[in-house]
Structures are given as structure tokens and as C-alpha cells.
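Here are my notes on the structure you sent over. Have it open while you read, and jump to whichever point you need.

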Amino acid sequence: MAKPIQVLFVSSEVEPFAKTGGLADVSAALVLTIYNLGLEVRIMLPRYGSIKNTPSRLHDMIRLQGMEVPVGDKIYKANVKSSFMFGTFTKVQVYLLDNAELFGRPGLYINPDTKRPYPDNDVRFIFFCRGVLEMLKKMGWQPDIIHCNDWHTGLLPAYLKTLYKNDKFYKKTKSVFTIHNMAYQGEFPRSTFAKTLLPPETEPLIMHHDKVNFLKAGLMYADVLTAVSEKYAEEIQTTEDYGCGLQEVVKKRSRHLHGIINGIDVEKWNPATDELIPQKYDIKTLDEKVENKIALLQKMKLPYKPKTPLISIVSRLADQKGFDLIGEALDKMMKMDIQFVVLGTGEKKYHQLLEKAAKKYPTKMAVALRFDEVLAHWIEAGSDMFLMPSRYEPCGLNQLYSMKYGTIPIVRATGGLDETVEQVHASKGTGTGFKFGPYTSAAMLEAIRKAVDVFADQETWRKIQRNAMLKDYSWEVSAKKYIKLYQKLLHV
């Protein structure tokens with residue numbers, strides 16, 4: 001019997017250990033699914049100070065002590081701790097690279113007090129990338145694939161191809177680098193290059209606009225690149241808007257780039273089994289979904305109006321997510337027969353805008369400016385429509401959650417939103433959501449109006465809801481595509 005492919009999945013955040021966004025959810029769910037499909041997969045992340053606050057079942061034990069990791073002219077000592085990530089019937093080995101000086105802090109990348117990135121983030125993630133490779137050698141575990149994610153791990157493929165290229169331990173090891181968001185690149189001053197200890201000939205390949213660019217290092221040196229949707233893989237080769245200045249770099253490596261849409265955890269996000277929502281329901285009991293709407297409106301102190309659609313957003317409050325369009329359109333939206341709920345945190349200007357609007361329209365709009373996992377589930381279950389007018393969206397997860405819950409997405413046709421949402425044709429009863437193309441408030445308003453018009457015909461609306469709920473965006477579909485990619489890379 002052939003030995004299973006061995007994969008080390010390297011990520012700067014993994015649920016439930018450390019999380020700032022979707023990367024943590026993706027890292028956990030994809031790894032568990034790949035493991036369930038028969039691969040030997042382990043995961044590695046830094047051991048942040050905040051991990052101390054995780055549930056007691058996440059006790060860690062020391063696997064390595066006093067490992068030396070060079071960064072510039074300094075040698076840092078590292079411990080490697082071991083824990084597990086649990087699925088329903090499985091547990092996956094987790095390694096945590098521990099150095100209190102670099103990672104024993106309350107924030108992952110940003111100082112919570114100053115709200116600014118830690119000034120030594122370059123040193124922290126040089127240490128992390130180099131530490132991963134040193135740990136594997138010390139432990140004697142040779143993965144066939146090291147799967148890296150976003151800029152924090154971008155130097156790792158560069159190290160494999162340079163400092164470790166003649167190391168027999170890594171002779172057969174290949175690297176995969178997944179781009180979750182091109183906008184976050186890990187840019188540092190030219191002086192950072194000396195800290196990497198990479199060979200001089202590497203410098204022009206990882207410099208961009210006179211800065212060391214960790215994302216570019218991953219793009220240049222990984223054996224295979226992936227993006228989190230096919231559409232996003234195309235977009236990041238086109239313009240500055242999508243490629244964020246690295247579009248020509250991606251284009252040169254297009255032969256090695258694959259788009260694989262993210263999946264969702266259908267155990268966690270499933271209205272039939274969701275313990276967090278007031279009323280469970282499924283495609284056969286869709287009429288019971290309204291109980292969640294009534295409960296949500298009551299919680300948000302809005303009146304329940306049976307014929308008025310509830311549109312919601314759960315998002316980071318930022319320009320990228322389309323809040324500039326929402327700001328322009330809010331008064332016109334409020335003239336429509338809709339109710340509007342927003343959950344999220346982000347830029348101060350949008351906090352102020354939304355709070356002011358909620359006071360102006362107290363029976364039509366409510367906001368919760370915080371992170372609230374339970375309320376997010378209530379919103380997915382209780383809303384009629386879910387708005388995602390993103391300027392760009394590599395994949396997006398909320399439109400997938402929404403469809404699973406029979407909550408119809410209204411999205412801008414970009415990246416994963418365009419790829420996963422099928423335009424509604426009301427006369428045919430087809431489609432799963434409403435899309436608009438131009439990045440304008442007028443185009444967004446028109447899509448909302450179309451959705452509101454279709455909602456008035458509840459028979460057609462039920463068809464659209466069922467279409468959406470029948471879509472399969474489980475992780476198994478996506479994980480099988482990653483496994484095929486691994487097999488091709490290893491010629492298995």
C-alpha cells in the first residue's frame with residue numbers, strides 16, 4: 001500500500017488557536033478535510049501570547065526546546081510546542097513555534113494599544129519561516145509538500161530554493177503558495193533583506209518598489225501558486241486594482257497558478273443542525289426560517305414586517321468591502337421598503353456613518369459594531385438577503401453561508417462572488433442571487449431593487465432560496481482539487 005502524501009500546512013492563523021479573519025477558518029477546515037480524505041497533514045503556526053486564552057482542551061506540550069533560528073546577526077531560541085486540532089471524528093497534529101520575545105504579545109500582527117503593525121513584523125515572520133524548516137529537520141519529519149499561505153509564509157519557498165536547495169532532507173519537498181488577498185504583501189525597508197540571510201542574487205527577485213516584499217518572494221519561488229477562486233486567479237493578472245502592483249509578477253507565473261474556490265464548514269454552517277440559531281430549519285421546512293427573522297429583529301430592536309425584506313451585512317467595515325458605496329446610497333436605500341442590519345468593526349469613519357444612520361432611521365436600520373459569532377449565525381439564518389458590494393473579493397465566505405441558509409446574496413460580480421453566485425432570472429425561477437458589475441452606488445441600488453421586486457413574489461422567492469440551498473460548497477469539493485494538485489506536483 002502506497003504511503004499517503006505528507007503535507008505540512010503553514011499559516012499565520014488557524015481557528016481555534018488564533019484568528020483575525022477568514023484565513024483562520026480556511027486553514028482549519030481545509031486541513032481537517034484533507035486529513036479525512038486520507039493524506040497525512042499537519043499544521044504549523046506561531047504560538048501567540050493570545051493562545052493562552054483558548055479553551056482548556058488546547059493544552060500544548062513541548063516537542064523541541066532551545067532550537068536556534070538565525071535572523072540577521074542574531075540567533076533566536078525557539079521552542080516547538082505540540083497540540084491538536086479537532087474535527088468531528090478526527091484530530092490533526094498542530095505545531096506551534098514559540099518565542100516569547102517575538103510572539104508572546106496580545107496581538108497577532110497589530111499592537112492593540114497603538115492600532116499599528118508591530119515594527120518588527122519582518123523579524124517575527126523571517127523567524128517563523130526559517131523556524132519551520134529548522135523544526136522539520138530536528139524532528140525528522142519530511143513532508144512531501146509544504147503548503148504556505150499569504151505573505152507571512154512567503155519567504156519559506158525562497159528558503160527552500162536557496163539556503164536549503166542542497167540539503168538532502170528537502171531534496172524531494174515541494175512548495176505550494178496560496179494567495180488569499182493580494183492587498184496584504186508584507187512590505188519592509190530594504191534593510192530587511194540582510195535579516196533574511198538569503199543569497200545576494202535573491203534580492204532583486206523579492207524587492208518591489210525598493211522594499212522587501214514577502215508576498216513577492218512566495219510568488220517567485222513556490223513550485224505551485226493557488227488563488228482562492230478561479231475568477232480571482234484571472235483578476236490578479238490584470239490591473240493594479242486587483243494585482244496591487246504585482247500583477248506582472250503573477251502573470252509571468254500564470255502557468256503555475258491555479259484557482260480553487262474556498263469551501264465552507266457545513267457542520268458549523270448548516271441551518272438544520274446550527275445550535276446557535278433560535279429555530280433550526282432545512283430546505284423542506286423553509287417556512288420555519290421566519291422564526292429566526294422575528295428573533296433577530298427583536299434582538300436588534302426593529303419591528304417585524306412580514307412583507308418587508310431584511311437585508312444584512314456581516315463584514316469588516318472598509319472600502320474594500322464596498323462601504324463607500326453604502327455610504328453614498330444609504331439615504332436612497334432607506335427610502336425603499338427594506339430593513340437593514342450591519343454587524344462588524346473597521347474604519348472609524350464607517351462606525352460613525354452607520355451609528356448616525358441607525359439613529360436617523362430607528363425603525364429601518366440597526367448596527368452592531370463588534371465581532372459576535374453568535375449574532376453572525378442569527379443574521380445568516382434570520383435575513384432575507386445578504387449584501388456584499390465588494391470592490392474586490394478573492395473568494396468570500398458569507399455569500400456561501402448565506403446560500404446554505406436560504407438567504408439570498410446581493411453581490412458585486414468580482415472574484416469569488418462572481419464565481420459562486422448565479423444571477424437570478426425571476427421569470428425562469430433560476431439563479432441563486434443578484435449581481436451587479438460597475439463599482440457604483442447606482443448599480444448596487446439597482447441590484448437591491450431587483451431583489452426587493454422578486455421578494456414580493458414569494459412563490460418565486462422560494463424557488464430561488466431552494467436553488468441556493470442545494471448548492472454544494474462543502475470543503476470536500478475544494479479539498480479534492482488541492483489533492484489532485486499535490487499529486488500532479490509530486491507526479492503520483
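Predicted model: local features only at pLDDT ≥ 70, side-chain atom pairs only at ≥ 80, totals over all residues.

1. Cysteines. You'll find zero disulfides here. Take Cys-148: the nearest cysteine sulfur belongs to Cys-129 and sits 7.0 Å away, and a disulfide needs the two sulfurs within 2.5 Å. Cys-148 is also buried, at 0% relative accessible area. Cys-244 is partly exposed at 22%. Its closest cysteine sulfur, in Cys-395, is 17 Å off, so that pair is too far apart for a bond.

2. A cis peptide. Most peptide bonds are trans. The bond joining Glu-15 and Pro-16 is cis, with omega at about 10 degrees. Look for Pro-16 in the loop between strand E1 (6–10) and helix H1 (22–36).

3. Positive phi values. Most residues other than glycine have a negative phi. Asp-150 has a positive one, near 60 degrees, and lies in the loop between strand E8 (145–149) and helix H4 (155–161). His-209 has a positive phi too, of about 55 degrees, in the loop between strands E11 (207–208) and E12 (211–213). Buried or exposed: which is Asp-150? Asp-150 counts as buried, at 7% relative accessibility, whereas His-209 is exposed at 67%.

4. Helix H19. This one covers residues 475–490, and its 16 residues reach 22 Å from first C-alpha to last, close to the 22 Å expected. Its buried residues are Trp-475, Ser-478, Ala-479, Tyr-482, Ile-483, Leu-485, Tyr-486 and Leu-489.

5. What surrounds H19. Its buried residues pack against E1, H1, E8 and strands E9 (174–179), E13 (224–227) and E14 (257–259). On the face turned away from the buried side you'll see the exposed Lys-484 and Lys-488.

6. A buried arginine. Arg-462 is in helix H18 (residues 458–469) and counts as buried at 19% relative accessibility; the cut-off is under 20%. Leaving aside neighbours within four places in sequence, Arg-462 is in contact with Leu-286 and Asp-287.

7. Salt bridges. The model has 27 of them. In one, Asp-384 pairs with Lys-293, the closest N and O atoms being 2.7 Å apart. Asp-384 lies in the loop between helix H14 (373–382) and strand E18 (385–388), and Lys-293 in helix H11 (residues 289–299), so the bridge ties together parts 91 residues apart in sequence. Asp-384 is buried at 8%, and Lys-293 is buried at 4%.

8. Two further pairs to click on. Asp-122 bridges to Lys-195 at 3.0 Å, linking helix H3 (residues 121–139) with helix H5 (residues 192–196), 73 residues apart. Asp-122 is buried at 3%, while Lys-195 is partly exposed at 27%. Lys-471 and Glu-422 meet at 3.8 Å, N to O; Lys-471 is partly exposed at 35%, and Glu-422 is partly exposed at 38%.

Notes. Residues numbered from 1 in each chain as written. Heavy atoms only, no water. Buried < 20%, exposed > 50% of the residue type's maximum accessible area, 1.4 Å probe, protein only. Helix = DSSP H or I, 4+ residues; strand = E, 2+ residues; numbered from the N terminus. Contact = heavy atoms within 4.5 Å. Expected span 1.5 Å × (residues − 1). Salt bridge = Lys/Arg side-chain N within 4 Å of Asp/Glu carboxyl O.
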